[in-house]
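Dear colleague,

Please find below a structure that I am handing over to you, together with its sequence. I would be grateful if you would read the notes after it with the coordinates open beside them.

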Amino acid sequence: MLLASFLIVLGFVLLIKGADWMVSGSTLLAKKNKIPDLAIGLTIVAFGTSAPELVVNTVASYENHSDIVLGNVIGSNNFNLFMILGIVGLIFPIAVQSSTVWKEIPISFFAALVFLVLANGYLFSDIGLSRIDGSILLILFLLFLFYIYKQMKGDTSSDEIAVITASNFKIWGLIVLGLIGLIVGGKLIVDNAVTIASDLGVSEKIIGLTIIAAGTSLPELMTSVVAAMKKNSDIAIGNIIGSNIFNIFLILSVSSLVRPITFSSVFNTDVYLLLGGTIFVFVAMFTGKKKTLDRWEAGLLLLVFIGYTAYLVSKELQ
């Protein structure tokens, strides 16, 4: 158990450093090609910070741990929405662009709704995520990328573009090292989390929703906190909303294509929480200061998440 705990911590260190290197390299590459901050937040940074979930879930799916796959994605999305936005909003109220209010936040709600429909078999009468469901999610992910591409083409702003002089060797070196750290770290986390869950008699669902979800969301937390402290709201909010969309459309699609995922209805409560939280963030854009997540709203998100997590853990320990 002690060795497994140490290896999980080592795995998280590798994940975080790997994500950090990958985000740094990818952001340098994007800025070198004159891509705006919001597009970087919604795509490059969102993908980089979602890479831990992608690696962990691919390994977990291959090894047939469906509860870890689902717990990690749903738990990470709730952690992003409630915990990270809560912390970031308390540090500095988050100003949000109109496109994020009217397009990206509704897209993240739509993603969670599609997952709920597919996983419960409301569309094809097969509970769980089949390879057909995974293909649907992947198509939706590609459409989201196309939407971002169209947004970038229509963005005429140039004041947020920085001149980057980093060498291609440095940029690609960071990306490759980041990928290696992510892959090794993800494997260590899944294997040893399953070992600990087995030793303690705790369900893989709880391990996925709490420890793994929080651990794989650390890159999002650090990225958004740093962005908030630098008063770069576009990166802060774009990273969170983009990661939540990536987690469902890309990570669950890849996971279910690797191996169909069985779904337990106990996860529905967590999905309802995610849907409710997304609606709250959307409504928050029209209360208090317009198009801003105020501190009291951020504090409420944080309190809800802490209360719900405490409820989950207490219920498991009964």
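The paragraphs below set out what was found, beginning with the overall fold and ending with single residues.

**Fold and annotation**

Please bear in mind throughout that this is a predicted model. The protein chain contains eleven helices and two strands, and their order along the sequence is α-α-α-β-α-α-α-α-α-α-α-β-α. The chain has 318 residues, of which 54% count as buried.

The unreviewed UniProt entry carries the annotation "transmembrane region" for residues 79-96, 131-149, 161-186, 206-228, 235-254, 266-286 and 298-314. Two of these spans were examined in the model. Residues 79-96 are 72% helix and 11% strand, with the end C-alpha atoms 20 Å apart. For residues 131-149 the figures are 100% helix and 0% strand, and the end C-alpha atoms are separated by 27 Å.

**Aromatic pairs**

A pair of aromatic rings is described by the distance of the centres and the angle of the planes. Searching the whole structure gives ten aromatic pairs. One of them joins phenylalanine 115 and phenylalanine 263: the ring centres are 6.0 Å apart and the planes stand at 85°, so this pair is edge-to-face.

Phenylalanine 282 is partly exposed, with a relative accessible area of 25%, and phenylalanine 286 is partly exposed at 34%.

Ring pairs also connect Phe141, Phe144, Tyr147 and Phe246 into a cluster. A further contact with a ring involves a charge: the charged end of lysine 205 sits over the ring of phenylalanine 267, at 5.7 Å from its centre.

Rolling a probe the size of a water molecule over the atoms shows where empty space is left. In the whole structure the search returns one cavity of 30 Å³ or more. The space in the largest cavity comes to about 30 Å³. Which residues line the largest cavity? They are Phe92, Pro93, Ile94, Ala227, Ala228, Lys231, Asn232, Ser233 and Ala236. By class, this lining has six nonpolar, two polar and one charged residues. Helices α8 (218-229) and α9 each contribute at least two residues to the lining of the largest cavity.

**Individual positions**

Several residues bring together parts of the chain that are separated in sequence. Leucine 209 is found in helix α7 (residues 204-216) and is buried, because its relative accessible area of 10% falls under the 20% limit. The C-alpha atom of leucine 209 is 8.9 Å from that of aspartate 67, although the two residues are 142 residues apart along the chain.

Between alanine 112 and asparagine 244, which are 132 residues apart along the chain, the C-alpha separation is 8.7 Å. Phenylalanine 110 also lies in helix α4, but counts as partly exposed at 42% relative accessibility.

Lastly, one backbone angle deserves a remark. Most residues other than glycine have a negative phi, and most peptide bonds are trans. Asparagine 64 has a positive phi of about 65° although it is not a glycine. This asparagine 64 is situated in the loop between α2 (37-62) and α3 (66-91) and is partly exposed, with a relative accessible area of 47%.

With kind regards

How values were computed
Residues are numbered from 1 along each chain as its sequence is written. This is a predicted model: local features need pLDDT of at least 70, side-chain atom pairs count only at pLDDT 80 or more; totals for chains, interfaces and linings use all residues. Side-chain values use heavy atoms; hydrogens and water are left out. Rings of Phe, Tyr and Trp (its six-membered ring) pair if their centres lie within 6.5 Å; planes under 30 degrees apart count as stacked, over 60 as edge-to-face and the rest as tilted. Buried means under 20% relative accessible area, exposed over 50%, partly exposed in between (1.4 Å probe, protein chains only). A charge sits over a ring if NZ of Lys or CZ of Arg is within 6 Å of the ring centre and within 35 degrees of the ring normal. UniProt positions are given in the numbering used here, feature names are shortened, and annotations may be inferred rather than shown by experiment. Helices (H or I, at least four residues) and strands (E, at least two) are DSSP runs, numbered from the N terminus. On a 1 Å grid over the protein atoms alone, a cavity is a set of points where a 1.4 Å probe fits but cannot get out, and a pocket is an open set with protein on both sides within 12 Å along at least five of seven lines; lining residues have an atom within 4 Å of a point. Grid points are joined across faces, edges and corners, and a volume is the space filled by probe spheres set on the points. Ala, Val, Leu, Ile, Met, Phe, Trp, Tyr, Cys and Pro count as nonpolar, Asp, Glu, Lys and Arg as charged, and the others, Gly among them, as polar.
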